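Let's take a walk through this one together. Have a look at the model first, and then we'll go through it piece by piece.

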Amino acid sequence: MSEKSDTNNRMLTMAESLREAMTIAMTERDDVFLMGEDVGIYGGAFGVSSEMQNKFGEERVIDTPISELGIVGAAVGAALAGMRPIVEIQFSDFTAQAMDQIANQAAKIHFMLGGALHVPLVLRTPQGSGTGAAAQHSQVLETWFANIPGLKVVVPSNPADAKGLLLSAIDDPNPVIFLEHKLLYKFPGRDAVPEGSERIPLGVSKVVRRGSDLTIVATGIMVNKSWDVAEKLAAEGINITLIDPRTISPLDMEPIHESVRETGRLLVVQEGPSHGGFINEVIARVSESPTFGSLIAPIKRLAGMNIPIPYAPQLERAAVPQVEDIEVAAREIVKNWR
Amino acid sequence: MTTIQLLKGHPLSSKEHATHALLYMWKVRKFEEAVKDLFGRGMMHGTMHLSIGQEASATGMCLALDLADQITSTHRGHGHCIAKGADLTRMIAELLGKKIGYCGGRGGSMHIADVETGNLGANGVVGGGIPIAVGAALASKLQKKGTVAVSFFGDGAMNEGAFHEAANLAAIWKLPVIFFCENNHYGMSSSTDKAFAIHKLSDRGLGYGIPGVTVDGNNVVEVYEAAEAAVARAKSGGGPTIIEAVTYRWEGHSRSDKNLYRTKEEIEEWKHKDPIPKFISILHEKNLLSQVEIDAIQQQAYDEIMHAVNEAVKAESAEPSGLLDAVFKKVSA
C-alpha cells in the first residue's frame, strides 16, 4: 500500500488530512473550489477547512447561506459547466434537503443524458453518532447513497486513507459522496499520512490485517472498533482478517471472497440500521457466489438498531455496535463453529 | 447532422432576423405536431408534454443568446431545445428510442441535452434545473467566461423550494443568470389563481432583490426585448433578472390529460392569441416579409421536421447491451 511509503511518520487527524487533500487539489488545478455553510472564516462546523479561505480567497472557498438544495444544485450546475466543486454539507442528515439534486440530478445526468455531460462533484459530509446530537444530527446514511446508481460512495476510516481517497474523488469525473465519521475528525489514525499527492483509487477494498480464523468486513468507524477487537483476540490466538471496503459503491468484493474462502467465517459490521443496510449487500454477494460453499459458520451481522439515534449517552451507545458487541460476536463465531 | 446556424438579434432588425424568428417558432410548432402524430399512431413510447401555443417564449429568449450561453429546461422542453439550435433528427430519434438519439434512448423527451448548443438538459423534476442554471452562472463568473445561463421553468416551479434557494444564491452573488418563467396558467391541473396569492409572478423577485418583468409571452418581439435587456444586465455584472412570459398551453399537460380543469372556451380564446399569426401580423405591419416569403418559411419548417422524422424512423434502435457501462463516465488514467 502506498501509504506505507511515508518515511516521516506524520500523524495527522482526519480533519487535517482532508484539509491537506483539498489544499493539494486546489493548488494543482484552478477548477477545484470548496463551497458550503460556514466553510470560510469559521473553517466548517468541524474545522476541516480551517484557514483555507485565507489561503485561497473568498472565490474559491465560498461561504453560502443555509441552503442545502441551492448549494448542491449550484455545484451540479458548476460541474456541468466545467468546474470541479467540492461541497460540504454540515451534517449528512441535511443532505435530505438536497436529495433531488443528489439523487435525481447529479447521479443520473451522465447516464440519462446519453453520456454527453458528466458531473465531477464531491459532496463531503460528516455522519455518525457519538456526539449527543440526537436523531437529526447523528445518522449513518451510506446505504441511502449506495442504493442510487450513478453515485460513488466513499467511507474513509482513517486519516491516511481519507487523504488519498479524497484526492481520487476530486479527480473523478462522476459525483462522489464522501462520508466522514465525525468522531474520527480529531484523532490520528494508526498509519502515518504521506506528504505527497498520492491517490488511493476508488473501488479498491483494503485488507487492514490478516488472520485465518474470521473475516470481519466493517465500514467507517466500525473498522477502528473491529481493529481493537482483532488486537485483543489475537492475544488469545484468534486471528482476524479485517477488510475495509473504503468505497461502498462501487464495491470491490474480491478481497472479501478471498478471505472468506480461507476463514470460512464472516462477520459484517456497520453503524447504520440493519434493515436494508449496506452490509446486507456484502452478505448477499457472498451467499450467491461459490464462496458460500466455503462457509463453516452462519454469517453474522452487527448493525445499528432500527431506531432513530437517541440523545442520552447510555441510550446512544446502545443504539449502535460497540467494541464489546463486536468482541462477543467474533468470539462466538470462532468458538461455536470449528 | 445539420450544422448549427443561429442568428442572434431583434426579430424585426432585418429580413434575416425576422425569417429566423418565424422559422424557429414554426419549427417548434411542427415538431410538437409531429410528436403528437407519432404518439397517435402508436410509434412513440412513454408520455409527451407539448408546448404548442408557447413558441414565442422559447424563441424570443433564445434569440438573445450566444451559442456559448447556457440553458436548463423543463419536462416541456422541446421548444427550448429547438430554439437553442438542437439537431431535429437526433431529437426525434431520442423520442423514438433510437441509438442516434441525443441520449441513446436512455433519456427520452424529458432529458435531452446538447452540449454544442449550451443546453444543459431538460428535466423531469419541476424546478430541478433552476439551481443547476445558477451553478452554470457561478462557473461562468469564476471562470470569467462572460456567458449567461437561462433557466426555463413553468409557473408551477415558482412554488418549489429549488426556485427560492436558487434565486437567493443568484441574487447575493450577482450571478449572470435569467430566471425565465413561462407562465402557461397551469401546473398540470392547478391554475395559477389557486396556486399563487400574487397576480404578477415576476413580483417574486422582490423578496430576493431581483428585478422582475412580466411580458406577453405570445409576442416574440416583447419576449426578445425583455430577454435582451436581461442578458445585457447579466453580462455587465448586474446580476439576475426574472422574466415572466405569460402564455398558454393548448394541449393537455401530458397525454393522460382530459382537460377537466378548464373550459373549451378558454382554450379557444387563447388559440386566438396564437403567437405565430401575432408575429406575422407584425411582419405585415412592418412590411418585413411578403406572404410568399412567409409561406415558404412555413414550408421549410415543415420539410425540416418531416426530414427529421423520416431519418429518425429509419435509424437503428438502441440496444440494452452496454447499459451498465453507461452509468459512470470512465476515469481516465
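A crossing of two helices is called left-handed if the near helix is turned anticlockwise from the far one by less than a right angle, and right-handed if clockwise. Helices here are DSSP runs (H or I, at least four residues), numbered from the N terminus.

Before using that, some housekeeping: this is a predicted model, where local features need pLDDT of at least 70 and side-chain atom pairs count only at pLDDT 80 or more, while totals for chains, interfaces and linings use all residues. Residues are numbered from 1 along each chain as its sequence is written, and chains are lettered from A in the order in which they are written, with ligands numbered from 1 likewise.

Start with α1(B), which has 26 residues and reaches 37 Å from first C-alpha to last, close to the 38 Å expected (1.5 Å times one less than the number of residues).

Now find α10(B), residues 275-286, which packs on α1(B) at about 165 degrees with the axes 10 Å apart. That makes the pair roughly antiparallel (angles over 145 degrees). α1(B) passes α10(B) in a left-handed crossing.

Finally, look between the chains: 35 residues of chain A are in contact with 36 of chain B. On the chain A side, α3(A) gives the largest share, nine residues.

Methods: Axes are lines fitted to C-alpha atoms, for helices over the stretch in contact, and angles run from 0 to 180 degrees between N-to-C directions. Helices (H or I, at least four residues) and strands (E, at least two) are DSSP runs, numbered from the N terminus. Angles under 35 degrees count as roughly parallel, over 145 as roughly antiparallel, 65 to 115 as roughly perpendicular and the rest as oblique. Two residues are in contact if their C-beta atoms, placed from the backbone, lie within 7 Å.
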